Amino acid sequence: MEEEVDKLELMFQKADSDLDYIQYRVEYEIKTNHPDSAGEKNPVTLLKELSAIKSRYQTLHARFKPIAVEQKETKSRICTTLSKTATMIQELQKQIDLELSPLTEEEKTATQQLKSYMSD
């Protein structure tokens, strides 16, 4: 889950950088190639719209940051709870002398995934 959060954050950063570059290129093109472009959509308006889009991306990124932190904390709490529960089940099985059967492939996979999540 953390990898997806990191990827999303990088995508926001790249989008922000791309918007800066696009704005620079549009301003440059307007200055050099279209000094008197009559009858077309106003380039200044286009630049303002681009700035507004960039601002929305930044706002979205700012809202996203606390969510990412909360997801990380929640993941940690869930992993801790699952680990404690698994340990308690094993202890209870030993106390009642329950014959333990070997783990199924699905259980082994789940255990490995839990351990890998806990180490992240």
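## The second largest pocket

Helices α1 (2–33) and α2 (43–95) each give at least two residues to the lining of the second largest pocket in this predicted model. The share from α2, seven residues, is the largest. Helices here are DSSP runs of H or I with at least four residues, numbered from the N terminus. A pocket is an open set of points on a 1 Å grid over the protein atoms alone, with protein on both sides within 12 Å along at least five of seven lines, and lining residues have an atom within 4 Å of a point.

In total, 12 residues line this pocket, and V5, D6, A68, V69 and K72 lie nearest its centre. By type, the lining has five nonpolar residues, one polar and six charged; Asp, Glu, Lys and Arg count as charged.

## A look at E9

E9 sits in helix α1. Why does E9 count as buried? Because its relative accessibility is 17%, and buried means under 20% relative accessible area with a 1.4 Å probe, protein chains only. Beyond its neighbours within four places in sequence, E9 touches H61, F64 and K65, where contact means heavy atoms within 4.5 Å.

## The whole chain

The chain holds three helices and zero strands. Of its 120 residues, 13% count as buried. Among contacts between residues at least 6 apart in sequence, 80% join residues at least 24 apart.

## How to read the values

Residues are numbered from 1 along each chain as its sequence is written, and side-chain values use heavy atoms, without hydrogens and water. Local features need pLDDT of at least 70 and side-chain atom pairs 80 or more, while totals for chains, interfaces and linings use all residues.

Conventions. On a 1 Å grid over the protein atoms alone, a cavity is a set of points where a 1.4 Å probe fits but cannot get out, and a pocket is an open set with protein on both sides within 12 Å along at least five of seven lines; lining residues have an atom within 4 Å of a point. Buried means under 20% relative accessible area, exposed over 50%, partly exposed in between (1.4 Å probe, protein chains only).
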